[in-house]
Amino acid sequence: MDLETPSAIPTSGQCLDHLKLLEAFHVLREDVATTDGLYGIYDPFVDDVYPTEGLDEKEAQLRFWLREKRWAIFVANAERRYTIWFQNLPSERGCMPGQHALAEISEHFEKTSCIAFDSLTLPPLDVLMVWHAHLLNPHDFLEDCIRYDKKLLWNTGLPLPIISQCIDNQTFKYRTSENAPDQFRRTNGLRWDSLDDDQQPIVNCPKCAQAKQVVWTTLTTTDLWREPYYKDRGFGLADPHFEMSCDRCFTTSTHEALRVQKFRRDRKALLKEDLPMPGTYLNTKGQYTAAFYDQIACRNIKKAVEKAKHAIGRLQPIVNMSKHAPFFPNELLKTFRSPRFETLDKPGISMDDIRKIIEQGIQNLPNRGLGPERFAVRNMMSRYWDNSSIFALDLVGAVIRQGTFGEKMHAIDWLHSPAAQSTMKRLLTKYERYFTLLKLYPGKTAVPTLDVDLAW
C-alpha cells in the first residue's frame with residue numbers, strides 16, 4: 001500500500017459509514033437470533049427479558065446456544081443467496097476464463113469500469129453481509145472475481161456512501177428503494193427477505209447428481225438441545241454431521257462428500273476446459289500480472305511436465321518449475337492420471353485421500369518437490385478444507401468470525417459518541433503510523449488495535 005496515494009487512506013466519513021454498516025449487521029443478528037421458533041428452534045424460556053436476566057447459568061447457556069444456532073443457519077442461507085446473486089452479476093466475457101485466457105484478462109483487469117450500484121440495485125442486507133466478509137479476504141475475493149469473470153465487481157468495491165444512505169441513523173434498519181425487492185426477485189429469483197424464501201435447501205447427490213431437498217438442522221427439540229453433547233449431533237446441512245440419503249442411487253452424502261464433489265468438478269473443468277484449479281491464479285504475493293500469466297510460461301511448464309516419463313504411476317523428476325510454481329498443480333493434475341482419481345465418486349472418499357494421491361504424484365520430484373511447488377499444492381488444497389462452496393473460502397465461517405469484530409464495535413458504541421468525528425481522525429492517524437511501522441520493520445509482526453482494524 002502506498003500511503004502517499006490519497007485513495008489508499010480512508011476518510012473519517014468512510015469509517016463512520018462502515019460503523020453504521022456493522023451496526024446494521026448487529027441489529028440483523030439480534031432480530032434473527034431472538035426470533036423464537038425460527039427454523040423450528042424454540043426457546044424453552046420465553047420472556048421479554050434480554051439477554052438472560054432471571055435465568056440460572058445453565059438456562060442462560062442453553063438460550064445462548066439456541067440463538068447462535070438460529071444465526072448460524074441464517075448465515076448459511078445468506079451464503080446460498082449471495083452465491084446466486086454473485087453468479088448473476090454482469091460479466092464481460094460471459095464464461096469462465098481458461099488458463100490460456102488469463103494473460104488477456106490480466107491486461108485489462110485494472111480498467112475503471114464498474115457496477116453503478118444505487119438504492120434500486122443494492123442487494124438485501126443478508127447478501128450484503130456476505131459480500132462484506134468476502135471483500136475482507138482480498139486475495140480470495142480477487143481470485144473468485146478472476147475465476148468467475150467478475151472484474152466489474154472487483155473494480156466497484158463496497159459502495160459505502162450509497163449503503164449508508166439506506167441505513168437509518170436511529171434504528172440502523174436497512175431500507176432501500178421500494179422497487180428494490182421486485183428488482184432483486186426478477187434478477188435472482190429470490191425474495192428480498194430471506195425468511196420469506198423457501199427455507200429448505202436443495203443438494204445434488206455427489207454420485208448421481210439427483211437433486212433433493214434437505215433440512216437446515218435436525219436439532220429442533222428442547223430435549224435434544226439439553227443433551228450435554230448436543231454439538232456432536234445434528235444431520236442437517238447447517239449441522240456438523242450432515243447426512244443425505246439419495247433416493248436414486250441410495251448413496252449417503254456428507255459435508256466431506258460435497259467437498260470431494262467440488263474437487264471432482266474442478267478437476268473435470270481443468271481437463272476438459274483448461275479452467276485452472278482454485279488457488280492457482282495468484283502467486284505468493286497475490287499478484288496476477290500479465291507477466292505472471294504469460295502463455296509462453298504456461299507452455300514451458302506443460303512441456304517440462306510432458307517430458308517426464310511415467311514409472312509405476314509416478315512422475316520422474318521435473319526441473320525448472322519453481323519460476324512458475326503457482327501453475328504447477330494444474331499441470332500435475334493434467335499429466336498425473338492416477339487410476340485412483342477415477343474412484344473419487346465412491347462413498348467414504350475424503351479430501352485427505354485426494355491429498356495422498358497428489359503427494360504420490362510429486363514424491364519423485366527433486367527434493368520431493370521444491371518449496372514453491374509444495375506451497376502451490378497446499379494453496380490449491382486449502383480451497384477444499386471445510387469448504388464445499390464455489391468460492392475460495394468458506395464464507396459462512398468468514399461471516400461468523402467477522403461478527404465478533406462487529407460485536408466489539410457495538411460495545412464501544414462510537415456512533416453515539418459526541419466526539420465520533422475526532423475519534424475517527426485520531427484512528428486514521430494511528431492507521432498511517434501502523435503502516436509506517438510495517439514498512440520500517442518488514443521482518444516484524446505488528447498486530448493492529450481495534451480502531452486501526454476498523455480503518456483497515
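Colleague: Where does aspartate 149 lie?

Modeller: In this predicted model, aspartate 149 sits in the loop between helix 5 (138-147) and helix 6 (151-156).

Colleague: Why is aspartate 149 called buried?

Modeller: Buried means under 20% relative accessible area. Aspartate 149 has 6% relative accessibility, so it counts as buried.

Colleague: What is the phi of aspartate 149?

Modeller: Phi is positive there, about 55°, although aspartate 149 is not a glycine. Most residues other than glycine have a negative phi. Phenylalanine 250 is another non-glycine residue with a positive phi, near 65°. Its place is the loop between strand 3 (244-245) and strand 4 (252-253).

Colleague: Is phenylalanine 250 buried or exposed?

Modeller: Exposed requires over 50%. At 64% relative accessibility, phenylalanine 250 therefore counts as exposed.

Colleague: Why is the pair of tyrosine 82 and tryptophan 85 called tilted?

Modeller: The structure holds 15 aromatic pairs. In this one the ring centres are 5.7 Å apart and the planes stand at 35°, so the pair is tilted. Rings pair if their centres lie within 6.5 Å, and planes under 30 degrees apart would count as stacked, over 60 as edge-to-face. Both residues lie in helix 2, three residues apart, which is about one turn of the helix.

Colleague: What makes tyrosine 82 and tryptophan 85 buried?

Modeller: The limit is under 20%. Tyrosine 82 has a relative accessible area of 0%, so it is buried. Tryptophan 85 has 4%, so it is buried too.

Colleague: Which parts does the pair of tyrosine 82 and phenylalanine 391 tie together?

Modeller: Tyrosine 82 and phenylalanine 391 form a tilted aromatic pair, 5.5 Å centre to centre with 40° between the planes. Tyrosine 82 belongs to helix 2 and phenylalanine 391 to the loop between helix 14 (371-381) and helix 15, so the pair ties together parts 309 residues apart in sequence. Phenylalanine 391 is buried, as is tyrosine 82.

Colleague: What makes helix 4 mostly covered?

Modeller: Of the 11 residues in helix 4 (residues 125-135), 10 are buried. Among them are Trp131, His132 and His134.

Colleague: How do you know that the span of helix 15 is close to the expected one?

Modeller: Helix 15 (residues 395-412) has 18 residues and reaches 26 Å from its first C-alpha to its last, against 26 Å expected at 1.5 Å a residue. At its start, a side-chain oxygen of aspartate 394 comes to within 3.2 Å of the backbone nitrogen of valine 396. Aspartate 413 follows the helix, with a positive phi near 60°.

Colleague: What covers the buried residues of helix 15?

Modeller: The cover includes helix 1 (12-33), helix 2 (57-88), helix 4 and helix 17 (450-455). Buried residues of helix 15 include Leu395, Phe405 and Met409.

Colleague: Why does glutamine 261 count as buried?

Modeller: The cut-off is under 20%, and glutamine 261 has 18% relative accessibility, so it counts as buried. This residue lies in helix 10. Leaving aside residues up to four places away in sequence, glutamine 261 touches Asn204, Cys205 and Pro206.

Colleague: At what angle do helix 10 and helix 13 pack?

Modeller: Helix 10 (residues 255-273) and helix 13 (residues 351-362) pack at about 35°, with their axes 9 Å apart. The residues of this contact divide into five nonpolar, no polar and three charged.

Technical notes: Residues numbered from 1 in each chain as written. Predicted model: local features only at pLDDT ≥ 70, side-chain atom pairs only at ≥ 80, totals over all residues. Heavy atoms only, no water. Axes fitted to C-alpha atoms, helices over the stretch in contact; angles between N-to-C directions. Helix = DSSP H or I, 4+ residues; strand = E, 2+ residues; numbered from the N terminus. Nonpolar A, V, L, I, M, F, W, Y, C, P; charged D, E, K, R; others polar. Buried < 20%, exposed > 50% of the residue type's maximum accessible area, 1.4 Å probe, protein only. Expected span 1.5 Å × (residues − 1). Contact = heavy atoms within 4.5 Å. Polar contact = N/O pair within 3.5 Å; in protein donor to acceptor, adjacent residues only side chain to side chain. Phe/Tyr/Trp six-rings, centres within 6.5 Å; stacked < 30°, edge-to-face > 60°.
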